[in-house]
Amino acid sequence: MLKTAVLGYPRIGEGRELKKATEAYWKGEISREALEETGREIRRKNWLAQKEAGIDFIPSNDFSFYDQVLDMTALLGAVPPRYGWKGKKVDVDTTFSMARGIQEKQGVQSASVPAMEMTKWFDTNYHYIVPEFYKATRFQVSSDKPFAEFKEALALGVKTRPVLIGPVTYLLLGKAKDEGLSVFDLLNPLVDVYVSLLKEFQRLGALSIQMDEPALVLDLDKRAKEAFKKAYRRFAEEAPQVSLMLTPYFGSLKNNLEFAASLPVAGLHLDWVRAPKDLGNALRLLPKEKTLSLGVVDGRNVWKSDLQKIIDSLGTLVKRRDPDRLLIASSCSLLHSPLDLDLEMGLDEELKGWLSFSRQKLREIKVIQLALSGREKEAAPELKQNRKDVQSRQKSRRIHKKEVEKKLKALKRKDAFRKSPFKVRRLLQKKRLGLPLFPTTTIGSFPQTADVRQARARFKKGFLTIQEYQDFLKDRTRDAVGRQRQIGLDVFVHGEFERNDMVEYFGEQLEGFAFTEHGWVQSYGSRYVKPPIIYGDVLRTRPMTVEWFEYAQSLTDKPVKGMLTGPITILQWSFVRDDQPRSETAKQIALAVREETLDLEKAGARIVQIDEPAIREGLPLRKSDWTEYLRWAVDAFKLASAGVRDETQVHTHMCYSEFNDIIDAVAAMDADVISIETSRSQMELLKAFVRFRYPNEIGPGVYDIHSPRVPAPGDIRELLEKASRVIPAENLWVNPDCGLKTRAWEETTPALKAMVQAAKAMREAFSHGNPRPKSHPRSLQRCC
């Protein structure tokens, strides 16, 4: 009998209960038991919703208070030594310490330690905590979380399929910290622990396990493939009663398909949404006694599936293969999709009819299964409505705008290039700005405190007039300018108090975007985002940021940066229309940002910052596909930024990205200044810029804004000294890792004061003839 499966489900709760509970726990406002009770209630609702929808394979251990990779680190006992773990059970406080960089018990600080590194999860906007591996790492089962949650579901009458991140993906997600250590040196002891996990699941009665191995969609070398073979051979030999569903997603298996199909597992999952062509080869290569899981419902977007098209595509397959060996599934975890479309009251009915969130996707999976199982009559009413909605979107006049088409046709190749090269621009900019050595600035946003959030909510509910709200925002902007003056920063920002989100704010002012009230998805930890939905052509009809720039600049003689979000980040952090190439949508957004950039310059902006933190996450997962993506992505940024005069300085910001493989493209963007995250990696991410001899100016982030830890001036100076050994001092800026929206002023003010103090110390050292050591391999090693 054809069955259904879901690979993971959103864990945030209908009203963002998880965020509220975790943040309250960090502040000491609720107990650990209250926090854990919130988790239990979210899990209960999730499991029962999937059971009621008729899903056969319901996941457990997909819930996390912070991050599933971090939970795997805790489960395996791979806690870095700096957290003082004693080798017993890894509790939630230790887990939060690894993520947030400070050990705390119900909000009370006990010790200050740096957080573990964080980076993007494959090509999504989700972030995971990067495992750290040392020669002294000793794996052991150190948490009962997956077992406890399996039993918890069982008590509710739901027999789940537990989810584990597979051993090879886990190793490849991490970093070997000791010289001469390869992550694969740890494979055998790691597999020992996985075998123990499988045996314990077998003892509990969980005979089917979802083993997530998204690394299978990457370019794998011979050693990685051998690691897969060795690990799964041992699983088959030492835990033969456990049925493993090998679960890659996010792309095509390509040349990894043959060996993946040959691994001794019970079944293989395919992300049919992203790689429909894999199906033909899988049918040829996968032995008939193995189960084929088909991820036919998109777990990463919000558009309603064309159910009849999917059914027609799979009809022949069902006849050719034993239905007992087929699963209809989500393409990946539904973690990346909002929870429930039925919560949305503000969307118009036409647009709402085009959409499907996680709860609706459960029904899509079930309807496909019904239709393919010979139960067409049960599925017929929903198939009829689905066809009507799909055709409505295809024929809607809201999608295309002739004005946008006309503007794009008028563009010329020269519009994507600055008038002069950087060396010429730099002299003009230095003369105009008059900044000191090691100039200090911030990335853009300042703390969105409770009163800012409350005022925004009151304005949206009609309790504040537009004038009252504008006056409030001006008061906060004036306060932020005053604070920057007092701290002693060299380049100011206005603070972005009017912005709820760096993408949503712009989308709200552009045609072609729609917005939800409850369409939240998790970015990391308690940081959730509500991505806009790009449903049609993008058009800018009025200035979006000029008024707030002008007000802030009127309060100071210091240069205030005009702050914009770049076209690729707006694209990546939105739910994007799927009826035209992403490159075309990116160009439309770039044109809108270009118009805003020119208006900021006309208003007197000496510096315009166009943030592109998401440009790397948009990279295809296979290097063979990178060239085309980077071509149109870089062209979009250049189109957005290149219209300004030479004396106007263009900044960009990128965070939590590995730059080694794309440094050519970063340089081709031709921003005058780039700021990047480097503090968590202890300046390791500078390596790419040093080796490339990046010619433009750079601001390596000197403290981690994702942690409440306030750095000492000496800590920041040490990082700046590392950077100045390998980057010319005249090319260095001093800034935090990222925007300060999520922090409190009580943390932000002393941290920025420490940053300014460190910059002044560096200036003094250089002014007293303390020359920068010449860059050579050893100094590069000391830096990075």
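Predicted model: local features only at pLDDT ≥ 70, side-chain atom pairs only at ≥ 80, totals over all residues.
Strand β18 covers residues 533-540 and runs antiparallel to β15, to which it is joined by 4 bridges. The two strands belong to an open sheet of 3 strands, ordered β15-β18-β20, in which the pairing is mixed. At the edges of this sheet lie β15 (510-514) and β20 (575-576), each of which pairs on one side only.

Stepping back from this sheet to the chain as a whole, the protein chain contains 28 helices and 24 strands. Its C-alpha atoms occupy a box of roughly 75 × 65 × 50 Å along the principal axes. How does the radius of gyration of the protein chain compare with that of a compact globule? For 784 residues, such a globule would have a value near 28 Å, and the 26 Å of the protein chain agrees with this.

Among contacts in the protein chain with a separation of 6 or more, 78% involve residues 24 or more positions apart. Of the 784 residues, 62% are buried, that is, under 20% relative accessible area.

As for charge, the protein chain carries 125 positive and 106 negative side chains. The centres of these two sets lie 3 Å apart.

How values were computed
Residues numbered from 1 in each chain as written. Heavy atoms only, no water. Rg over C-alpha atoms; globule rule 2.2 N^0.38 Å. Buried < 20%, exposed > 50% of the residue type's maximum accessible area, 1.4 Å probe, protein only. Contact = heavy atoms within 4.5 Å. Lys, Arg positive; Asp, Glu negative; His and termini not counted. Charge placed at Lys NZ, Arg CZ, Asp CG, Glu CD. Pairing = 2+ DSSP bridges.
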